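Dear colleague,

Here is the structure I promised to pass on, followed by some notes on what was found in it. Please read the notes with the model open beside them.

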Amino acid sequence: MTPTLQLFLIVSTALFSIGLLAALSRRHAIFILIGIELMLAAANLNFIAFWRFGPQPQPPTGVLVAIFSIAIAAAEAAVGLALVIAIYRHYRTTNVDQLDQLKG
Amino acid sequence: MNPWIVSNLWLVPAVPLAASLVILSLTNSRRNSAAVLATFGQIIALAVAIVAFLSTLQTPGFRAVHNFTWFTFGDQTLRIGWVLDPLAAAMMIMITLVGLCIFVFSVGYMAGDKNITRFFAYLSFFSGAMLGVVIANSLLLLFVSWELVGLASYLLIGFWIERPSAAAAAKKAFITTRIGDLGFFLGMLWLYHNSGSLLFYDQGRGCLEDAGLLAIGGSATFIALLIFCGAMGKSGQFPLHVWLPDAMEGPTPVSALIHAATMVAAGVFLVARVYPLFSLGAVNGVTPSLTVVVLVGVVTALMASLIALAQFDIKRILAYSTVSQLGLMMVSLGVGGVAAGIMHLIAHGFFKALLFLGAGSVIHGLHQEQDVRKMGGLRWIMPVTFLTYAIAMLNLSGVPFFFSGGWTKEEILHNTAQWPVSPLPDYLMLAGVILTALYMTRQMIYVFFGSKRPAVEAHESPRIMTMPLIVLASCSILFTLVLTPAWPWLHAYLNGESARVDFGSLIQPILFLSFALVAAGIGLGWFIYRNLGERDPLARAQPGLFRFLENKMWFDEIYEETVIVFCRILSRLADWLDRYFWDGLVRLFAGLGQAFGVLSKGLDDHGINAGVDETTSGTRGIGRLIAAAHSGQIQTYLGALAVGMLLLLVLYAWLS
C-alpha cells in the first residue's frame with residue numbers, strides 16, 4: 001500500500017482529535033499539557049505531509065518549519081511544566097477545576 | 001597720550017575682582033593660597049596703577065577717557081567708560097598701596113580665623129569695587145561700583161556672623177548708606193533727564209563739560225545736593241554718621257581699609273569728581289550747594305571730635321576721628337579747595353590706615369582687648385607699634401614738619417580762612433584742630449603711657465604685622481615731600497598746573513597759628529590726662545557733659561525714638577491696611593467665588609449627575625451579565641474554542 005496524502009491527513013486528524021479530547025476531558029494539568037503536545041504533533045505531521053506531497057518537495061523548506069515548531073513545542077512544554085509546578089506549590093493541587101481564580 | 005593704558009585701565013579693578021572670584025572657589029583649607037592670591041592681585045593692580053600714574057605725568061592736566069557703548073535700548077544708547085586723570089591716578093595709587101599693606105597685615109591678624117579664605121575673597125572684592133569707583137567715567141558705572149563697595153562693606157562688617165552685634169552693625173551700615181544712596185540715585189536720574197548723558201567727559205558732550213552743564217542749568221543745585229546725599233551716607237557725614245562707629249564690629253584690617261582709608265573717602269571723592277556740578281554758576285566761588293557741603297562738614301567735624309573725647313573703645317575713638325576728618329575734607333571741598341581736600345584724603349588714607357593697623361596690633365597683642373582703660377604702659381612692650389602709632393598720631397593731630405597730615409590740614413585751614421561767606425567755619429575748624437590733638441593725646445596716654453594695666457600678658461606683634469606699619473609710617477612721612485608749600489607738586493598735579501620750587505612760601509602766618517594750636521592741644525591733653533585716675537578726668541570735671549558725649553550725643557536713641565518709631569507706625573498702618581482693607585477685598589472676591597461654586601455644585605448634582613448615573617448603572621448590568629460567562633474553568637474556555645473552530649470550519653466549507 002503506497003502512502004498517500006489522505007492517509008497522513010487521516011492519521012493527523014486522529015492524533016489532533018485524541019489530543020483535543022485529552023485536553024478537554026482530563027482534570028490533571030499535566031494530561032492537558034500532553035494533549036496539547038499531541039495536537040502540536042498533529043500539526044507538524046500536516047506540515048510534513050503537505051510538503052512531501054506538494055508541488056515542489058525541495059529538501060529543506062517544510063522540514064525546517066517542522067523543526068522550528070518542535071523547538072517551540074519543547075519551550076512551551078518547559079514553560080507549561082514550570083507553571084504546573086508553580087501552581088502546585090501555591091495551591092497544593094493540579095486539578096484544573098479548582099483553579100478558578102480567573103473567573104470574572 | 002598712552003592709548004594702551006587708557007583703554008586697558010579696567011585691568012586695575014578687574015585683577016582684584018578676578019582674584020576674589022578664584023579665592024571664593026577655594027576650600028577653607030587653602031588658607032595660604034588665598035592670602036597669596038589676594039596679595040598678588042593687589043600687587044598687579046598696584047603695578048598697573050603706577051603705569052597709569054606715570055602716563056599722567058606727561059602733560060599737566062592730563063586727561064584721557066575711554067568710552068564705549070554698553071547697550072542700546074530703543075533709541076537710547078547707554079555709554080560707559082573710564083577716565084584717567086590726576087584725581088583717578090592719585091586715588092588708585094593710594095588705594096592699592098594702602099590695600100597692599102593691609103592685606104599683608106591681615107595675614108598676621110587673621111591667622112587664627114577659620115574663614116580666612118572668605119575674608120580675603122571679600123577684601124579683594126572690595127578693593128576691585130573701590131578701584132572701579134575711582135576710574136569710572138560715567139555716573140552710572142560709578143554708582144554700580146559704589147553699591148558693590150557698599151555690599152563689600154556689609155559683608156565685611158558682618159564677617160563674624162556668629163556675633164549678633166556684628167550682624168546688626170552690618171545691617172545698620174547697609175540701610176543707613178542706602179538712605180543716602182536713594183538721593184544719589186534720584187540725582188543721577190535728574191542729571192540724565194537734563195543732560196542726556198551720564199558720562200563725565202565725552203569730548204565736550206559729557207555732563208561735566210560745558211555743553212552738558214549748559215543743559216543742566218538751574219537744576220544743578222538740586223542735582224548736586226541729591227548726589228551729596230549719597231556722599232553723606234558713604235562718608236559718614238551728619239546726620240547719617242551713625243553707622244560708621246558701629247562698623248568697627250568688623251575685623252580691624254577691614255576697619256583700616258574700608259572704614260578709614262578708602263571707602264568712607266569715596267563720598268569726598270564723589271564730590272570732587274562731580275565738582276563742576278557743585279560749582280556751576282558760582283559767584284565768588286560760592287554756590288548754595290557748596291555752602292550746604294561746608295555746613296554739613298563743619299557740624300560733622302566738630303561733633304565727631306567732641307564725641308571722640310569721651311569714648312573708651314580704641315577703635316571707636318579712631319572711628320569718630322575718621323568722621324571728623326571726613327568732615328574737614330568736606331569743608332575743604334565746600335570752600336573751593338578741591339586739591340587740598342583730596343590731598344588730605346590721601347594723606348589721611350595713609351595715616352588713618354596706620355592708626356587702625358596699630359590699634360589692630362594692640363588688640364592682637366592684648367588678646368582682643370579693645371577698652372583703652374584696660375591698656376596702658378605699652379610703649380616698652382610694643383615698641384614698633386608705639387613708634388608708628390605716634391607718627392600717625394602726630395600726622396592726625398596736624399603737626400607739620402615731617403608729617404604729611406599737618407601740611408594738608410594746614411592747607412585746608414588756609415582755604416577755609418579765605419571763604420568769603422563767613423569766617424565762622426574757619427574758627428570752628430581751628431577749634432577742631434585743638435580737639436583732635438586733645439583726643440589723640442588722650443588716647444596715646446591711655447594706651448601707651450602710664451603704668452601697665454592689662455590683666456593679660458601683652459606682646460609685640462609678629463613681623464608680618466609690624467612691617468606694614470613701618471611701610472605706612474614711611475609713606476606718610478615721605479608723602480610730605482610733595483605736599484609742602486616749598487614744592488607743592490601734588491597740589492599742582494591735581495590742579496593740572498606745573499609746580500615751582502619756592503622755599504620762601506614755607507613761612508606763613510597761618511602755619512604758625514595752626515602749629516601753635518596743635519601744640520596747645522597736645523599740651524592741654526598732656527596736662528589733663530597725665531595722671532589718669534580711676535575715672536576719666538573729663539568725667540570727674542564735667543560728669544553731665546561727659547555722659548552726653550559718651551553716649552554719642554544720644555543720636556542712636558534719638559533716631560530710635562523718631563525715625564524708627566515713625567517707620568514702625570507706618571508699617572503698622574500698612575499692616576492694618578493689608579489685614580483689613582485689602583484682605584477684606586480678597587475675602588469678598590473669595591466669597592463670590594464660593595457662592596458660584598455652590599450654585600454650580602447643585603446644577604451638577606441634580607442636572608448632570610442623574611444622566612451619568614443612568615449610563616453607569618446600565619453599563620454595570622451588562623458587565624455583570626458578561627462576567628457570569630467567565631467561569632475561570634480553563635477547560636470550558638478550551639471547549640468553547642474548539643466549538644468556535646468547528647463552526648468556522650463549517651462556515652468555510654459551506655461558503656466555498
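Which residues of the largest nonpolar core touch the most other members? Of the 203 residues in that core, they are B:Phe126 and B:Ala353, where a nonpolar core is a set of buried Ala, Val, Leu, Ile, Met, Phe, Trp, Tyr and Cys residues joined through C-beta atoms within 7 Å. The largest share of this core, 18 residues, is supplied by helix α4 (residues 86-109) of chain B. A second, separate core has five residues, among them A:Leu20, A:Ala23, A:Ala29 and A:Ile32.

Before going further, please note that this is a predicted model, in which local features need pLDDT of at least 70 and side-chain atom pairs count only at pLDDT 80 or more, while totals for chains, interfaces and linings use all residues. Residues are numbered from 1 along each chain as its sequence is written, and chains are lettered from A and ligands numbered from 1 in the order in which they are written.

Chain B has 26 helices and two strands, these being DSSP runs numbered from the N terminus (H or I, at least four residues, for helices; E, at least two, for strands). Its radius of gyration, taken over C-alpha atoms, is 35 Å, well over the 26 Å that the globule rule (2.2 Å times the number of residues to the power 0.38) gives for 656 residues, so chain B is more spread out than a compact globule. Along the principal axes, the C-alpha atoms of chain B fill a box of roughly 140 × 65 × 55 Å. Of the 656 residues of chain B, 49% count as buried, meaning that 20 or more other C-beta atoms, placed from the backbone, lie within 10 Å of the residue's own.

Just after α7(B), B:Gly196 takes a positive phi of about 75 degrees. Helix α12 (residues 265-273) of chain B is mostly covered, with nine of its nine residues buried, including B:Phe269 and B:Arg273.

Finally, ten residues from chain A and ten residues from chain B make up the contact between them, counted where C-beta atoms, placed from the backbone, lie within 7 Å.

With best wishes

Notes
Contact = placed C-beta atoms within 7 Å. Buried ≥ 20, exposed ≤ 12 C-beta atoms within 10 Å, placed from the backbone.
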